[in-house]
Amino acid sequence: MTDTTQLTALEALVASHPTIRLTPPSSPDFPAARQVWNAGRLAQPLAIVHPQSPADVAAVVQHARAHALPFSVRSGGHNLEGLSIVDGALLIDLRALAAVTVAADRQSATVQGGILQHELASKLWADGLGTPTGTIPDVGYIGWATYGGYGAFSSHWGLGADQILAATIVNPEGDIVPADEHTLQGIRGAGGLFGIILDLTIKVYPLPSLLAGAIMFDPTDIAQSLITYNAAYQTLLDTEGIPPQLTLQQIAFNSPHGRLFGVIFTWSGPDLEEGKRWSDKIASLAPLLMSTVAPTTIPEWFAGNGALVPKSEYGAPATHNIRSVTPAVAEVIGRNLAIMPADPGTMFSIHQLRGPSAQSESSAHSVFAAREPHFLLEILGFVTEEKNQGEAERWAARLAKEVQEVDAGNVLPTAYISLFKTQGVPAEELLNKVYGDKAALVRELKERFDPQNVFALTVPALK
Ligand SMILES: Cc1cc2nc3c(=O)[nH]c(=O)nc-3n(C[C@H](O)[C@H](O)[C@H](O)COP(=O)(O)OP(=O)(O)OC[C@H]3O[C@@H](n4cnc5c(N)ncnc54)[C@H](O)[C@@H]3O)c2cc1C
């Protein structure tokens with residue numbers, strides 16, 4: 001079928017399903033509607049549909065199947081490589097599906113497939129509840145959680161993937177069905193490989209108060225600040241230990257006043273005095289510049305974090321999972337931070353996986369591979385000005401290479417798909433790199449639930 005015939009058929013679909021909105025390339029809204037976080041992703045989808053209900057999504061999948069029309073799915077559009085839009089394919093934009101229903105026992109909530117992290121967390125906050133999310137407001141919750149989901153509450157409550165209790169999907173036949181246990185295991189780590197996720201039922205927790213903010217260290221010698229902080233933090237981990245309610249994310253970025261290094265501090269326990277003691281302790285681990293840690297609210301917290309990251313950027317990520325930030329690794333990172341490109345989009349961050357998700361028992365229910373305690377290096381070779389893209393990507397790749405070279409035994413064999421540069425990596429190699437000893441299971445689940453590869457333009461693409 002030609003593009004024109006496909007577009008005509010889509011017009012017929014929306015005529016018979018008036019709640020589905022269609023944005024064709026001729027629409028003045030098309031350029032904005034196809035924009036994703038990765039500004040360099042210049043794919044030209046055939047058209048964009050905006051279903052308003054689960055039944056709309058099912059109708060679109062049935063239509064796509066009947067017309068052999070390839071399609072991709074987006075919610076937050078924050079895949080780092082912009083993979084949710086694809087040349088010539090229909091783009092299904094799920095963002096209108098953003099409802100949250102809290103269960104009567106207040107231990108779970110059902111959240112729709114297009115909801116953004118800040119929408120979900122703000123609705124839960126209004127109910128005195130919380131659940132793990134990342135820190136950036138406009139990231140799609142389902143895209144974040146189903147591939148792993150590292151974030152500000154993961155030390156306390158675990159990864160996003162480990163919150164998933166149930167799911168409703170549109171399957172390859174275009175039917176709305178509850179996910180069975182096998183599909184659920186695949187969804188916990190391999191996202192939308194088996195169908196379009198209409199909703200997830202997730203665990204939620206009491207969160208009546210929040211103590212959070214940034215603790216920034218002296219940037220005069222940024223390398224030394226990072227080395228000092230990590231040595232002292234490791235000592236704290238080895239001696240006193242860190243309470244589960246405290247999640248710390250190291251971050252380095254270019255502020256209007258220059259390059260800064262510090263940690264995002266999140267205390268999700270009810271005892272704010274205890275949280276304050278921990279914030280003082282963390283602030284004393286290296287020479288302090290300033291701390292903004294204070295009682296706050298989820299909406300305020302997201303707004304503050306969102307202001308740190310530009311809305312769209314050019315470039316590519318690099319990443320490793322490492323067992324420990326050893327002095328040799330800290331030296332490599334510190335040295336590279338000192339020469340980090342000065343664009344506001346270039347960033348570096350370290351998440352730590354400890355607590356409930358860093359345990360082999362969690363592994364049985366998911367395909368998420370990296371279950372030993374580790375640190376996730378988020379090396380963001382991104383820029384706001386396209387002309388600087390090459391420099392930032394080279395910087396990110398070099399930092400990752402040097403970490404590998406300085407202590408190869410410290411690097412876990414698997415990497416986090418949401419931070420991994422997948423472009424150009426053959427599907428089989430990518431599957432092994434991301435899912436390790438779960439790769440065969442992911443392939444087997446895909447064969448079982450989507451043998452005709454109806455959901456072909458997914459993250460990751462298997463063929
Ligand atoms: C600025 C920024 C900050 C980030 N911070 C973190 C972080 O702190 N921690 C972390 O773990 N990750 C982080 N990420 C990575 C992010 O979590 C992943 O890229 C995530 O997959 C993005 O989801 P999305 O819905 O926004 O992306 P999209 O580009 O909309 O979707 C990506 C893919 O997810 C799948 N998908 C999404 N929704 C559905 C659905 N309802 N049904 C079926 N498939 C679906 C599709 O295959 C789609 O192509 C960050 C990314 C960015 C750009």
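Colleague: Leaving aside its neighbours within four places in sequence, which residues is Leu226 in contact with?

Modeller: Happy to look at this predicted model with you. Leu226 has its place in helix α8, residues 222–238. Beyond its neighbours within four places in sequence, the contacts of Leu226 are Gln250, Phe261, Ala330, Ile333, Gly334 and Leu337.

Colleague: Thanks! Does Leu226 count as buried or exposed?

Modeller: The cut-off for buried is under 20% relative accessible area. Leu226 has 0% relative accessibility, so Leu226 counts as buried.

Colleague: Why is strand β17 largely enclosed by the rest of the structure?

Modeller: Let's take the two faces in turn. In a regular strand, side chains alternate between the two faces of the sheet. On one side of β17, Tyr314, Ala316, Ala318, His320 and Ile322 are buried, and on the other Gly315, Pro317, Thr319 and Asn321 are buried too. The strand is largely enclosed because its buried residues, across 314–322, number 9 of the 9.

Colleague: Which strands stand at the edges of the open sheet of 4 strands?

Modeller: Good one to trace through the strand order. That open sheet has mixed pairing and runs β1-β2-β4-β3. Each edge strand has a single partner strand, so one side of each is left without a neighbour in the sheet; these are β1 (21–23) and β3 (71–74).

Colleague: Moving to the domains, how much area do domain 2 and domain 3 bury between them?

Modeller: The domain assignment places domain 2 at 100–206 and domain 3 at 210–419. Their centres, taken over C-alpha atoms, are separated by 24 Å, and 31 residues of domain 2 are in contact with 40 residues of domain 3. Of the area buried between the two, 63% is on carbon and sulfur atoms, and the total is about 2,800 Å².

Colleague: Which three residues supply 28% of the area that domain 2 buries against domain 3?

Modeller: That share is more than any other three residues supply. The residues in question are Trp125, Tyr150 and Ser155.

Colleague: Lastly, how far apart are the closest N and O atoms of Asp138 and Lys311?

Modeller: A salt bridge needs a side-chain nitrogen of Lys or Arg within 4 Å of a carboxyl oxygen of Asp or Glu. Asp138 and Lys311 form one, with their closest N and O atoms separated by 3.3 Å.

Technical notes
Residues are numbered from 1 along each chain as its sequence is written. This is a predicted model: local features need pLDDT of at least 70, side-chain atom pairs count only at pLDDT 80 or more; totals for chains, interfaces and linings use all residues. Side-chain values use heavy atoms; hydrogens and water are left out. Buried means under 20% relative accessible area, exposed over 50%, partly exposed in between (1.4 Å probe, protein chains only). Helices (H or I, at least four residues) and strands (E, at least two) are DSSP runs, numbered from the N terminus. Two strands pair if DSSP finds at least two bridges between them. Contact means heavy atoms within 4.5 Å. Domain bounds come from an automatic or database domain assignment. Buried area is the accessible area (1.4 Å probe) that two parts lose on being put together, summed over both.
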